[in-house]
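Here is a short report on selected local features. Inspect the model first, then read on.

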Amino acid sequence: MTTTGSPVSAPPTDKGGAGPRHKSAPSSREERRRERRSRWYQRDVKWSPYAFVAPFFIFFGAFSLFPLLYTGWASLHKVSLTAPTEMEWIGLRNFSRLLDDDFFWNALQNTFTIGIISTVPQLLMALGLAHLLNYKLRGATFYRVAMLAPYATSVAAATLVFVMIFGRDYGMINWALGTVGIDPVDWQNDKWYSQLAISSIVIWRWTGYNTLIYLAAMQAVPKDLYESAALDGATRWQQFLHVTIPSLRPTILFTIVVSTIGAMQLFGEPLLFNPGGGANGGAQHQYQTLGLYLYEQGWTNLHLGRASAIAWMMFLILVVIGLLNWAVSRWMQKNELGRKSARRRS
């Protein structure tokens with residue numbers, strides 16, 4: 001016989017009379033693993049940028065900052081290259097001696113002369129070539145690659161070829177001059193002709209490089225400016241003067257700065273222009289640059305302190321030139337802003 005209202009069996013309980021069992025929470029091991037991952041992620045976000053830029057600062061400190069500081073310290077001492085750890089303090093005597101040295105002033109003058117002769121025609125030719133390449137030409141890619149070929153050529157190979165071209169007895173230039181009745185030119189022993197020959201090497205190597213820089217800047221000029229100028233009746237030459245050149249002012253200033261630095265550091269071309277002549281820059285030092293003079297004092301005469309002083313003088317000259325370029329750029333920007341404000345008012 002069955003009875004109604006029989007008690008229903010209760011669900012099993014935990015030991016000790018607790019309520020029903022639930023799904024267990026994440027284990028402490030997983031929690032610790034998540035915490036470690038979170039800490040590693042935070043460290044990665046915080047320190048990874050420093051790790052990425054650390055190689056640059058390491059190499060900069062080892063190959064730029066340390067040599068700069070060491071040459072500055074060595075320039076205040078009398079020290080020989082054969083015993084670089086044996087230094088005798090002499091203060092600014094190396095610098096005062098340079099100011100009284102005729103060879104230093106001769107090298108400085110030669111450096112500026114070669115720099116001007118090579119930089120001005122180089123940048124003017126680069127502007128013209130970039131203007132031509134900016135228009136649609138057949139085989140434009142070929143011409144752009146050909147522009148970089150001289151830049152990719154080594155200094156030694158280019159200079160040795162130009163030495164044969166400017167040879168006094170069998171050079172191609174003197175042969176061409178002889179065909180029109182002009183006497184041969186002694187390109188290596190005459191002061192101005194030797195500097196002109198060295199400048200031609202620099203022009204040949206760097207014109208294409210600057211051409212591509214100008215070409216990239218020209219392609220960034222808005223086409224609307226050329227179209228507006230053409231509607232106003234401006235010729236291509238007028239568009240180049242009044243549209244292209246004003247738009248390229250920052251780029252032109254950049255190439256002037258870079259070319260000035262390169263001219264101040266000119267070394268390979270004058271060294272190899274007279275094979276076997278050493279670092280004298282010719283029999284009468286007619287094309288000895290500051291780079292050659294530094295090399296002669298440090299590695300030929302073994303005067304490491306004096307060579308360090310020359311290096312610091314070159315550095316200070318570059319700083320002065322950089323400040324002048326910065327002042328000119330600020331002045332150009334102010335004039336440009338003034339012209340824009342005047343146009344808006346009108």
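## Pro275 and its surroundings

Leaving aside residues up to four places away in sequence, Pro275 touches Val163 and Gln188. This is a predicted model. Pro275 sits in the loop that runs between helix H11 (268-273) and helix H12 (290-300).

Pro275 counts as exposed because its relative accessibility is 51%, and the cut-off is over 50%.

## Salt bridges

Side chains of opposite charge can pair when their charged atoms come close. Two salt bridges are present in the structure.

One joins Arg205 to Glu269, with the closest N and O atoms 3.5 Å apart. This pair links distant parts of the chain: Arg205 belongs to helix H7 (residues 191-219) and Glu269 to helix H11, 64 residues apart. Arg205 and Glu269 are both buried.

Arg168 pairs with Asp169, again with the closest N and O atoms 3.5 Å apart. Arg168 is partly exposed, at 48% relative accessible area. Asp169 is exposed, at 55%.

## The largest pocket

The largest pocket holds about 370 Å³ of space. Its lining has 13 residues, and those closest to the centre are Pro246, Arg249, Met332, Glu336 and Arg339.

Which helices each supply at least two lining residues? They are H9 (236-247), H10 (249-264) and H13 (304-345). H13 gives the largest share, eight residues. By class, the lining comprises five nonpolar, three polar and five charged residues.

Methods: Residues are numbered from 1 along each chain as its sequence is written. This is a predicted model: local features need pLDDT of at least 70, side-chain atom pairs count only at pLDDT 80 or more; totals for chains, interfaces and linings use all residues. Side-chain values use heavy atoms; hydrogens and water are left out. On a 1 Å grid over the protein atoms alone, a cavity is a set of points where a 1.4 Å probe fits but cannot get out, and a pocket is an open set with protein on both sides within 12 Å along at least five of seven lines; lining residues have an atom within 4 Å of a point. Grid points are joined across faces, edges and corners, and a volume is the space filled by probe spheres set on the points. Helices (H or I, at least four residues) and strands (E, at least two) are DSSP runs, numbered from the N terminus. Ala, Val, Leu, Ile, Met, Phe, Trp, Tyr, Cys and Pro count as nonpolar, Asp, Glu, Lys and Arg as charged, and the others, Gly among them, as polar. Buried means under 20% relative accessible area, exposed over 50%, partly exposed in between (1.4 Å probe, protein chains only). Contact means heavy atoms within 4.5 Å. A salt bridge is a side-chain nitrogen of Lys or Arg within 4 Å of a carboxyl oxygen of Asp or Glu.
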